[in-house]
Amino acid sequence: FLLSVMLFHFSNAAMLPLLSQQLFLANAERGFEFAAMAVITAQLSMVLSACAAGWLVPRIGTKPLFILALSAIPIRGFIIVLLLTYYNNMPGSNALLLATQILDGLAGGIFGVLLVLISENLARGSGRFAMLVGLAKTAEGVGASFSNLVGEYIAEVSGYQAAFLVLSLASLVPIFLYGVCM
């Protein structure tokens, strides 16, 4: 579980800063506006998906919902790679890139709710719930830190498409780990 949490954040955390940089480079006069819209889009969809997660958990369970959250990241990343490769600087491409942030919010909202629920299920009866949540939050931080380090390095050396591709491929691992091992 902790490895899935860490790898989820490793594959996800750098995508928003990299996308903001890409939007800024392509639209210097409106770069800050696009960066702000990317954050706002992700946050709004995160609030909605967190509310939906609370409603969906009793209906479909935590495992399929958590796998849905994990799956949103590779879908988002591969869409960004396709847009940057084939539709970059075309009319409407910036709006499409911003729309990928809905998937970020979907993943983040569901992930945030389910992290606590899964931790509670794993720690039930042991008296170690707070410790497990603390470990999960530490795994998040480690994954996010390395995400930005690795993502920025790849973008600098090989370009933004390569960075998004590597992060997207890495995001497949937590889906497999959680789906098979939990």
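User: What should I know before I start?

Analyst: The model is predicted: local features need pLDDT of at least 70, side-chain atom pairs count only at pLDDT 80 or more, and totals for chains, interfaces and linings use all residues. Residues are numbered from 1 along each chain as its sequence is written, and side-chain values use heavy atoms, with hydrogens and water left out.

User: How are two packed helices described?

Analyst: By the angle between their axes and the distance between the axes. Axes are lines fitted to C-alpha atoms, for helices over the stretch in contact, and angles run from 0 to 180 degrees between N-to-C directions. Helices are DSSP runs (H or I, at least four residues), numbered from the N terminus.

User: At what angle do helix 2 and helix 8 pack?

Analyst: Helix 2 (residues 15-26) and helix 8 (residues 160-170) pack at about 160°, and their axes are 11 Å apart. So helix 2 is roughly antiparallel to helix 8; roughly antiparallel is an angle over 145 degrees. Their crossing is left-handed, meaning that the near helix is turned anticlockwise from the far one by less than a right angle.

User: Which residues meet there?

Analyst: Contact means heavy atoms within 4.5 Å. Helix 2 brings Met15, Leu18, Leu19, Gln21, Gln22 and Leu25; helix 8 brings Tyr160, Ala163, Phe164, Leu167 and Ser168. Eight of the residues in this contact are nonpolar, three are polar and none is charged.

User: What about helix 6 and helix 7?

Analyst: Helix 6 (residues 101-123) packs on helix 7 (residues 129-158) at about 140°, with axes 9 Å apart. That makes helix 6 oblique to helix 7. Oblique is what remains after under 35 degrees (roughly parallel), 65 to 115 (roughly perpendicular) and over 145. The contact includes Phe111 and Leu115 of helix 6, and Phe129 and Leu132 of helix 7. Its residues divide into nine nonpolar, one polar and three charged.

User: Where is Ser126?

Analyst: Ser126 sits in the loop between helix 6 and helix 7. Its relative accessibility is 32%, so Ser126 counts as partly exposed; that class lies between buried (under 20%) and exposed (over 50%), with a 1.4 Å probe and protein chains only. A polar atom of the Ser126 side chain lies 2.6 Å from the backbone oxygen of Ala123.

User: Is Asn94 buried or exposed?

Analyst: Asn94 is buried, with a relative accessible area of 15%. Asn94 belongs to helix 5 (residues 93-99). Leaving aside residues up to four places away in sequence, Asn94 touches Leu23, Asn27 and Phe34.

Methods: Helices (H or I, at least four residues) and strands (E, at least two) are DSSP runs, numbered from the N terminus. Ala, Val, Leu, Ile, Met, Phe, Trp, Tyr, Cys and Pro count as nonpolar, Asp, Glu, Lys and Arg as charged, and the others, Gly among them, as polar. A polar contact is a pair of N or O atoms within 3.5 Å; within protein, one must be able to donate a hydrogen and the other to accept it, and residues adjacent in sequence count only if both atoms are side-chain atoms.
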